[in-house]
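Hello,

Here is the structure I promised to pass on. My notes follow below it.

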Amino acid sequence: MGTFFFQIMSVTTGESSLNLEKDIDRAVALLDRLRTTSEIPEAKLSELQRIFQSDFFHAVLEVYEKIYETVEITGSPEVRANATAKATVNSPSTKFKEKKIL
């Protein structure tokens, strides 16, 4: 989910400044809509919503936003989002290897 999610959420907005909180709110609203209009099992949608609203996810989001705003990366927004996601995953403060997200 990491790299792909952040690329989609940050690149599709077309905004130059990063505002992932708004994107997360939109994703949660979409999950609510999917509950009534899709064939995706309710348990999977609820788990994904729980992850989006977890303290751990928001801590990772903070690290991602800090890296995105402070590191100068040349290239398209997709290249910048991809490089930021990789740096976030490898950041000691996120400790992805010790946590099970999904």
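**Notes on the model**

Thr84 touches Tyr64, Ile67, Tyr68 and Ile73, leaving aside residues up to four places away in sequence. Contact here means heavy atoms within 4.5 Å. Thr84 is buried, with a relative accessible area of 0%. Buried means under 20% relative accessible area, exposed over 50%, and partly exposed in between (1.4 Å probe, protein chains only). Thr84 sits in helix α5, residues 77–90.

First, the ground rules. This is a predicted model, in which local features need pLDDT of at least 70, side-chain atom pairs count only at pLDDT 80 or more, and totals for chains, interfaces and linings use all residues. Residues are numbered from 1 along each chain as its sequence is written, and side-chain values use heavy atoms, with hydrogens and water left out.

Now the overall layout. The chain has five helices and zero strands. Helices (H or I, at least four residues) and strands (E, at least two) are DSSP runs, numbered from the N terminus. Of the 102 residues, 28% count as buried. Take the contacts between residues at least 6 apart in sequence: 52% of them join residues at least 24 apart.

Next, the core. The largest nonpolar core has 15 residues, and Leu18, Leu20, Ile24, Phe52, Phe57 and Tyr64 touch the most other members. α2 (20–37), α3 (42–52), α4 (55–70) and α5 each give two or more residues to this core. α2 gives the most, with five. A nonpolar core is a set of buried Ala, Val, Leu, Ile, Met, Phe, Trp, Tyr and Cys residues joined through side-chain atoms within 4.5 Å.

Then α3. Its buried residues are Leu45, Gln49, Ile51 and Phe52. Seen down the axis of α3, they fall within an arc of 160°, so they line one face of the helix. The arc is taken over the directions from the helix axis to the C-beta atoms.

Last, the pairing of α2 and α3. Their axes come within 10 Å and cross at roughly 165°. Axes are lines fitted to C-alpha atoms, for helices over the stretch in contact, and angles run from 0 to 180 degrees between N-to-C directions. α2 and α3 are therefore roughly antiparallel; angles under 35 degrees count as roughly parallel, over 145 as roughly antiparallel, 65 to 115 as roughly perpendicular and the rest as oblique. On the α2 side, the contact is made by Ile24, Ala27, Val28, Leu31, Asp32, Leu34 and Arg35. On the α3 side, Glu42, Leu45, Ser46, Leu48, Gln49 and Phe52 make the contact.

Best wishes
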